[in-house]
Amino acid sequence: MNDRSNFLYPRSRYYGQVKPENLVFNANLQEFAQRVNFICSLETGGKLSPEEAYKQVKKLWKQLKRTKKQLGIGEKPFNPEDETPLG
């Protein structure tokens with residue numbers, strides 16, 4: 001990523017249980033949070049109505065829920081012994 005992308009779309013390191021589905025969900029969760037932040041800023045600045053901001057956030061939330069379900073996140077309880085440490 002270039003500097004502009006890193007500034008606009010920062011990513012934090014993942015420290016949870018390392019499994020492919022968890023990493024994908026974490027990336028989606030970070031993107032969700034970033035987009036909600038943009039929507040809030042646009043609504044606060046008067047560029048979006050409260051109703052439109054709500055609709056957009058609700059749509060993003062539904063997408064995140066669908067991703068969670070497709071990845072099977074939360075179906076098996078967390079077991080610390082199963083955790084693979086990051087190198």
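**Helix packing and core of the predicted model**

Among contacts in the protein between residues at least 6 apart in sequence, 62% join residues at least 24 apart. The model is a predicted one. Its secondary structure amounts to 3 helices and 0 strands. Along the sequence the pattern reads α-α-α. The protein has 87 residues, of which 18% are buried. Its accessible surface is about 7,100 Å². Carbon and sulfur atoms account for 55% of that surface.

Two packed helices are described by the angle between their axes and the distance between the axes. Helix H2 spans residues 20–44, and helix H3 spans residues 50–71. Their packing angle is about 180 degrees, and the axes lie 10 Å apart. Angles over 145 degrees count as roughly antiparallel, and H2 and H3 are therefore roughly antiparallel to each other.

The H2 side of this contact consists of Glu21, Val24, Phe25, Asn28, Leu29, Phe32, Arg35, Val36, Ile39 and Glu43. These residues meet Pro50, Ala53, Gln56, Val57, Leu60, Trp61, Leu64, Thr67, Lys68 and Leu71 in H3. By class, the residues of the contact of H2 with H3 comprise 13 nonpolar, 3 polar and 4 charged. With residues up to four places away in sequence left out, Leu60 touches Phe32, Arg35, Val36 and Ile39.

In soluble globular proteins, nonpolar side chains tend to be buried together. Here the largest nonpolar core holds 9 residues in all. Its members are Phe25, Phe32, Val36, Ile39, Leu48, Ala53, Leu60, Leu64 and Ile73. H2 and H3 are the elements that give two or more residues to this core. The largest share, 4 residues, comes from H2. Leu60 belongs to this core, and its contacts include the core members Phe32, Val36 and Ile39.

Beyond the helix pair, Gly72 is placed in the segment after H3. Gly72 counts as partly exposed because its relative accessibility is 23%, whereas buried means under 20%. In sequence, Gly72 and Glu21 are 51 residues apart. In space, their C-alpha atoms are 7.7 Å apart. Glu21 is also one of the H2 residues in the contact with H3.

Key
Residues are numbered from 1 along each chain as its sequence is written. This is a predicted model: local features need pLDDT of at least 70, side-chain atom pairs count only at pLDDT 80 or more; totals for chains, interfaces and linings use all residues. Side-chain values use heavy atoms; hydrogens and water are left out. Axes are lines fitted to C-alpha atoms, for helices over the stretch in contact, and angles run from 0 to 180 degrees between N-to-C directions. Angles under 35 degrees count as roughly parallel, over 145 as roughly antiparallel, 65 to 115 as roughly perpendicular and the rest as oblique. Contact means heavy atoms within 4.5 Å. Ala, Val, Leu, Ile, Met, Phe, Trp, Tyr, Cys and Pro count as nonpolar, Asp, Glu, Lys and Arg as charged, and the others, Gly among them, as polar. Buried means under 20% relative accessible area, exposed over 50%, partly exposed in between (1.4 Å probe, protein chains only). Accessible areas come from the Shrake-Rupley method with a 1.4 Å probe; for residues, only the protein chains shown count as cover. A nonpolar core is a set of buried Ala, Val, Leu, Ile, Met, Phe, Trp, Tyr and Cys residues joined through side-chain atoms within 4.5 Å.
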